Amino acid sequence: MKKKRVSAAIAVLAAGALALTGCTPPYESEVIADTEITVAWNDLIDNFNGSSAAGNNTANAVVLYMMNSSFLYYNSEPALVRNTDFGTFEKTSDDPLTVKYTLNDNVTWSDGTPIDSADLLLAWTTIFAGVTDADDAPLFTHANPRGDLASALPEIDDKSITIVYDKAYVDWEIQFDLGVAAHGVVELAYPEITDPEEAKEMFVEAVQNDDVDWLTPVAKAWNDAYQAPSTPDSDLVALSSGAYVLDELVENEYVALVANPLYTWGPSPKYERIIVRQIEDSTAQVQAIENGDVQIAAGQPTPDVLELVKGLDNADYVTADEATYEHVDLTFNNGGPFDPATYGGDEDTAKAVRQAFLKVIPRQEILDKLILPLNENATLRDSVLQIPGAPGYDEIASSNGSADYAEVDIEGAKALLADAGVTTPVEVKFWYPEGNVRRASEFEFIQQSAALAGFTVVDDSEPTWAFTDKEALPINPHDAVIFAWQSTSLALTGSDQYLGSGQPSNFGGYSNTEVDGLLSDLETELDPAAQTEIQVEVEKLVWDDAYGVTIFQFPGITVWNNSVTNVDPSPLSPTYFWNFWEWAPTDSE
């Protein structure tokens, strides 16, 4: 399944096609003048290209979701909804698998430039690694480039693109969508080009002619120019295709969005302005709700936070498991304690050290003290690929080797280190997002437990996620990291982006060619029983390699002031933002 890392991010989709419906009549604006809602999130957007490896995180996703339109989205069930107000798509052939996407006539970028096939071609170029450099590496650093899925240059028309797949890909329905503006990225790369239509024409011509030299600056702009922790200097960076446009971004404080006056191709939002405030501390979020400074908030709650929420007399709340799970990953290639190179290339010694470290992670203690008070039915998550309760989960979890790490085993860890001839103490540089209260508690539990087996766990926390930017840090400097993956879809596939050798979201340098092959097989397997068999084999290999450990499914809590209605959280990203257009002041009903 496609995932995003959660900053401080189950089933096979039905692949039925819908007939094209043409242009949807424009919606009339329902924006209420001079209305404003302030909501809280634990981190702020800092990259306006959420498809790039550097921009692929949840904090970016929640804001970009309100700024951009797409061919589909998930509601709170969660069920997939095709957004025919924006455009339509249909499968036109099974052999070869062929899909045609068509934009409606009235959709435009926030600068008035029509959204058309040039923008769709840019999306194909990035998603399917359509342009490569001299080393055959993707020129555009997409978060999960799939050059093996649809390598043929697509046909385009004024408002449409036809994509021919190289194989019968099981998750084709959610593989493709609109990204950033073609004219915007070209003008960022070539400032002398100021005519949007000229920019698009030049881009299309370059892609169709495989003009790598001309496209290289465009790719660099796509990769890097959208990084913006504060209001970008160029309006091109924050072009919108949706209901809201950027008004102001103040680093570490807030982002302000204002209703897009050109937006007519979907349900109108009710609030003229949406402010997203960065509030990392869940206690502070609750206080802001109580004071009326914030109308909606969601965070990583502690038992104390839940008690505070229950005591509010001006707010409602819901708790539920999210499609997000906590995990610890180890780094295989940074010269640290888990890297074979540290032991003269001895793979077995490095694996023994990894296994020993994973044996001292107090998964049950973390669950008991931090999660069960929030969800009395919570259990350890014992699968990398599936959530508890999903089809195949029990079979996977009972046979994958996760049982070896169900309980802390200090003596077993010591024996592994001794048998491998590794002297203690073994220093482990451990990263967690600084300022995250729950993660800080998890770190303390791990540090104390690991010390009993001879590991010195060093606090390597910092507020940034620099290790996820492969261009800035090709090799993760941290030996172990704790964060969460948040699902953005119900796709069967996508785990290759973090388990696959050399993939953009594989931040620990993990590599197993058998895993790579099995994940590839999964992409074209339609039989659910066979899908589970493949997943079982993948997980056996991953757990045997001591890649890392899963810990728990996130207990979600969303709180909203009673001055706002229609808050309806979803377990998938973008969580409570999914129906932002339905939020309304209570007194407007």
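Modeller: At the start of helix α8, a side-chain oxygen of D346 comes to within 3.0 Å of the backbone nitrogen of D348. This is a polar contact, that is, a pair of N or O atoms within 3.5 Å; within protein, one must be able to donate a hydrogen and the other to accept it, and residues adjacent in sequence count only if both atoms are side-chain atoms. The model is a predicted one, in which local features need pLDDT of at least 70 and side-chain atom pairs count only at pLDDT 80 or more, while totals for chains, interfaces and linings use all residues. Residues are numbered from 1 along each chain as its sequence is written, and side-chain values use heavy atoms, with hydrogens and water left out.

Helices here are DSSP runs of H or I with at least four residues, numbered from the N terminus. Helix α8 covers residues 347–359, and its 13 residues should span 18 Å at 1.5 Å a residue, which agrees with the 18 Å between its end C-alpha atoms. The expected span is 1.5 Å times one less than the number of residues.

Helix α8 is also mostly covered, since 10 of its 13 residues are buried. Buried means under 20% relative accessible area, with a 1.4 Å probe and protein chains only. Among the buried residues of α8 are T349, A350, A352 and V353; R354 and K359 also belong to the buried set. As a general point, an α-helix has 3.6 residues a turn, so residues three or four places apart point the same way.

Key. Helices (H or I, at least four residues) and strands (E, at least two) are DSSP runs, numbered from the N terminus. Buried means under 20% relative accessible area, exposed over 50%, partly exposed in between (1.4 Å probe, protein chains only).
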